[in-house]
Amino acid sequence: MPALLAVCLLVVGQLTVDHDTAPALVMPCEAQQFIENPDLTSPPYGIEGDHMGRALALGHWDDDGVLDLAVGGFKRIDTGATLPSPCCGTGPCQNGGTTRVWIFLGVGDGTFATTPVVEWRGNDQRDLFGGALEFIPDVDGDGLDDLLVGAANWPNDPIKDVNDCTTGFIRRGRVYLFGSDGTYGPIGLAENCATMVFESRVRGARLGAAFTASDSFDGDALTDLFLGAPGSPDSVATYSGRTHVLLGTDLQTLTQYDDCSTATPSVIVEIDPAFAPPLSSTGNEDRFGEGVANLGDLDGDGDDEIFVGATQWVAREVNNYPDCSMPIPGEPCEEQVAVGAGFARIYTWASGAVPLLPFDLPTSLGGGQFVPGGTPGLGHGEAFGYAAAGRTDVDGDGVFDVCVGAPAWSDGALDRVGRVRVYSGAALAAAVTEADVANAELYQVTGDNDRSMYGNAVEPVGDLFTGDGRDEFAIGAYQDDLCGEDGGVLPCPEVPCLDANYTLPDGTVRPWQGMNQSGSVYVVQTVDVSGGGHRGAERLRFVGEAKRDHMGFDIAVGLLTPSDSTPDVVVSGMAWSLAGTSIYPMSEPGRVYVFHGEEYPMANRWGGLGHSLDGTDGRLLAWGTGEFAQGADFLIGLENALPNANAALVVGFSTVYLPAYGGVLVPSPDVSFGFNTGTTGNLNEIYTWPGAVSSGSEVVFQWWVEDAGAPMGWATTAGVEMLEP
């Protein structure tokens, strides 16, 4: 398996972070279950534009103790809806019909029922009902999780001319709260099924773009809601943004309806500052509330802290993409903009929601990156705060840490590559100065492909790999491309399932469609580096199966089999399509993949240790794959070395980090092998382990290549470690 990742070098303080090794690939045909769109029964294989998988959530809809799955779709076009519009380029405008949410019950063996027990319809065309989902602690008192569903673009402006891209939607936004008892369905109008509906009265507020909940925020054990409305206040031109706080004591006073079988609408709760005091930003066009997440307890007081991201802080530019491509997922055509740098605040409870840190955070937590002017895309910021994950202890200190996605970050050469910035929760909670917050950043991990949007989703996955007390986390990159930028720069590797066929319910066999914007989900592990720092190592990469699949638009992680202790990963492929071999035409009904965690941790653990030294042609790549066991084959690879050069593979059974020839010798020099790099500058060396391998064994490799273009005549790869837990 050739190395697939382009190399990216970041400097975080004095810590150098490399992408030097390729994670193990998990191909889509290896999924333990495909959850098909319920419309996927006959040609045209799903209602066009369903985008099933826009949002995912795991929770307990019924009382059998097994996790159930909620799946949202958006931009649905009902059969016969052909609304041409300049907003949609040359194709039909995807704003006909209503959006959907389905619930699939878990059956206890790590899979879900193939037929949903619930299907709710949105209440307006293109309202983005199902664009955000989260199971939350019990609100209605039945002992089961409840479900929040966002419809950030409700209502569609009734006077909008579909042929006019300039007329704005009303987009006040709604959040639907469904009390889970497992009996709703199979089809119902959301407004008549919800326990209650929270509705903004502010034009353009987009209430429900993001939200979270906690029953451990203010100490009363009641569930509190945090509802993002990134378009508030009432001027469409400002978009400063709010996040409304609904305390459990107030929720208990509301009249509740709970009978989807009738035509009785749910109680409508108007969200305004008097009823739900907002957490606010004062900056123009900040979109404060575009990212909202429960981080868990950071400061040790037993209560959760809440993250709120403002993705457009600093600056915002009009985006004149003629095809209305989407740098901001879910935005309607006429609101396409180049995003700002972004910032975030973390809130704690102290007789009211107050920032955890005693100063404003736009210049401290993240602070983002913004380059004014330039080409749309490259001239924008990183959208820091679009996604965040807490409840994950990546450094093993017993305190939850914070992972923040910035999917529109650009590295200066590639557009919207994306990155995730990882912060020590303990250091954030103890911070006094802005320098303390800057020093709380543990490391960054970045995408590698142009427009990959790495960091559009971030999700904790628990201690999946090594049992070393440090949690891993998953990163979505929904426009990633396994075969290189735009499907043509790098050759597709020889990997399992590349030529696999898929048989649909009606017997139709569908071939593999290629990798352009198929999307990826990366599972990242924190590893130690010399000098006491940390870095992120990508261990797994789940990849999409079809062009424009958008694998990883959302991710959900949980124990799908109650008797199992290994987290399972549920991944959306929201734009998966049956037909076509190019981006258009495609029906994009979407599908969902279920991967069982116990199937994927490798018997051996490959990881990068950094300290590469560039040669004439830039960065040298080292990588490894194979089993670390007696009699098993493994492979050590070298790429991008100077052709026809002398090379040495240094092998050690520990690390030494010794200065050598302007670089760093990572492994102890216990064994070395000599090679010539040949005409390509690439080597693939296969070896067999001769003896038994005990738990805790470690082998470290590093390539050294004679190269006049290096500072002292030798270029090196990063060190590569192979561990047996």
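Two strands count as paired if DSSP finds at least two bridges between them. Helices (H or I, at least four residues) and strands (E, at least two) are themselves DSSP runs, numbered from the N terminus. Before using that, note that this is a predicted model, where local features need pLDDT of at least 70, side-chain atom pairs count only at pLDDT 80 or more, and totals for chains, interfaces and linings use all residues. Residues are numbered from 1 along each chain as its sequence is written, and side-chain values use heavy atoms, with hydrogens and water left out.

Let's start with strand E16, residues 211–214. E16 runs antiparallel to strand E17 (residues 224–229), and four bridges join the two. Ser 214 has Asp 224 of E17 standing opposite. In a regular strand, side chains alternate between the two faces of the sheet. In E16, Phe 211 and Ala 213 are on one side, Thr 212 and Ser 214 are on the other, and all are buried. Buried means under 20% relative accessible area, exposed means over 50%, and partly exposed is in between (1.4 Å probe, protein chains only).

Now for the rings: the structure holds 15 aromatic pairs. Rings of Phe, Tyr and Trp (its six-membered ring) pair if their centres lie within 6.5 Å; planes under 30 degrees apart are stacked, over 60 edge-to-face, and the rest tilted. Take Phe 288 and Tyr 347, with centres 6.5 Å apart and planes at 75°, so this pair is edge-to-face. Phe 288 sits in strand E21 (residues 288–296) and Tyr 347 in strand E25 (residues 343–349), so the pair ties together parts 59 residues apart in sequence. Phe 288 is buried at 0% relative accessibility, and Tyr 347 is buried too, at 4%.

Tyr 478 and Phe 553 also pair edge-to-face, at 4.7 Å centre to centre and 70° between the planes. Tyr 478 is in the loop between strand E32 (472–477) and strand E33 (501–503), while Phe 553 is in strand E37 (residues 551–558), so parts 75 residues apart in sequence are tied together. Tyr 478 is buried at 3%, and Phe 553 is buried at 6%. Elsewhere, Trp 61, Trp 120, Phe 129, Tyr 176 and Phe 178 make up one aromatic cluster.

Rings meet charge as well. The charged end of Arg 591 sits over the ring of Phe 34, 4.3 Å from its centre, and over the ring of Trp 576, 4.3 Å from its centre. That label requires NZ of Lys or CZ of Arg within 6 Å of the ring centre and within 35 degrees of the ring normal.
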